[in-house]
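Open the model in your viewer and keep the selection panel to hand. The tour goes stop by stop: select, look, move on.

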Amino acid sequence: MSLVVELWARSEIPEYGALYRADGTAREVFIDGPASLRLELGEPFEAEEPEYAHRITVDGEAELPDGRGYVCCGSGALGDEGFFARLDGERRLLWVLTSTEGNPFLRVSVDWPSAHFVNDWGTVLTLDLTDPDYAS
């Protein structure tokens, strides 16, 4: 079991902003702030035991069509971190994207293949769930 899957099972996420996949791979994430939520994926890196992990709360969830699973989003214990994640049909983690720059994500909706995550500023970040980075 990968580190991020272990953390997820304890309702925690690493403090470092990244896209963590259940297979143990990770990529840096850059979000330019809660007002615009422009997202850029950086270089891959090896996910290691984080110095800090944040307790999380799932604030929103949406089911994907045709048994493709779920997406969810939420907030961390300190108030500035947020996350969104993709789960399989049995709600097992496929990937989670963590951020301290995008603020908590409170709502999610799906218009397949797009998922729309809304932060506490009301700003929407849209992902194409068929993109290889976000596909199952």
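Is Arg10 buried, partly exposed or exposed? Select Arg10: its relative accessibility is 42%, so Arg10 counts as partly exposed. Keep in mind throughout that this is a predicted model.

**Salt bridges**

A search of the whole structure finds seven salt bridges.

Go to Arg38 and Asp32 next. Their side chains meet in a salt bridge at 2.7 Å, N to O. Arg38 counts as exposed, at 58% relative accessibility. Asp32 has 39% and counts as partly exposed.

Now select Asp88, Glu90 and Arg92. Salt bridges link these three residues in a network. Within it, the side chains of Glu90 and Arg92 meet at 3.1 Å, N to O. Glu90 is exposed at 58% relative accessibility, whereas Arg92 is partly exposed at 48%.

**A charge over a ring**

Show Arg91 together with Tyr70. The charged end of Arg91 sits over the ring of Tyr70, 3.9 Å from the ring centre.

**A buried arginine**

Select Arg21, in strand S2. Which side chain of opposite charge is nearest to Arg21? It is Asp23, 4.6 Å away. A salt bridge needs a nitrogen–oxygen distance within 4 Å. Arg21 is buried yet has no salt bridge.

Show the surroundings of Arg21. Leaving aside neighbours within four places in sequence, Arg21 is in contact with Ser2, Val4, Leu94, Trp95, Pro132, Asp133, Ala135 and Ser136.

**The largest nonpolar core**

Nonpolar side chains tend to be buried together in soluble globular proteins. To see the largest nonpolar core here, select Val71, Phe84, Trp95, Leu97, Phe117 and Tyr134. Of the core's 21 residues, these touch the most other members. Colour the strands: S3 (25-31), S6 (70-76), S8 (93-99), S9 (105-111), S10 (114-119) and S11 (124-128) each supply at least two residues of this core. Which strand gives the largest share? Strand S8 does, with three residues.

Centre on Tyr134. Not counting residues up to four places away in sequence, Tyr134 touches Leu19, Leu39, Leu41, Arg86, Trp95, Leu97, Leu127, Asp128 and Leu129.

Then look for a second, separate core of 14 residues; Ile13, Tyr70, Phe83 and Leu93 are among them.

**Aromatic pairs**

How many aromatic pairs are there? The count comes to seven.

Start with Tyr16 and Phe45. Their pair is edge-to-face, with 5.6 Å centre to centre and 90° between the planes. Tyr16 lies in the loop between strand S1 (12-14) and strand S2 (18-21), and Phe45 in strand S4 (residues 39-46). The pair thus links distant parts of the chain, 29 residues apart. Tyr16 is partly exposed, with a relative accessible area of 42%. Phe45 is also partly exposed, at 27%.

Move to Phe84 and Phe117. Why does this pair count as stacked? The ring centres are 4.3 Å apart and the planes are at 20°, so the pair is stacked. This pair, too, links distant parts of the chain: Phe84 is in strand S7 (residues 82-87) and Phe117 in strand S10, 33 residues apart. Phe84 is buried, with a relative accessible area of 0%. Phe117 is buried as well, at 0%.

Ring pairs link Phe84, Trp95, Phe105, Phe117 and Tyr134 into a cluster.

Notes
Residues numbered from 1 in each chain as written. Predicted model: local features only at pLDDT ≥ 70, side-chain atom pairs only at ≥ 80, totals over all residues. Heavy atoms only, no water. Core = buried A, V, L, I, M, F, W, Y, C linked by side-chain atoms within 4.5 Å. Buried < 20%, exposed > 50% of the residue type's maximum accessible area, 1.4 Å probe, protein only. Helix = DSSP H or I, 4+ residues; strand = E, 2+ residues; numbered from the N terminus. Contact = heavy atoms within 4.5 Å. Phe/Tyr/Trp six-rings, centres within 6.5 Å; stacked < 30°, edge-to-face > 60°. Lys NZ or Arg CZ within 6 Å of the ring centre and 35° of its normal. Lys, Arg positive; Asp, Glu negative; His and termini not counted.
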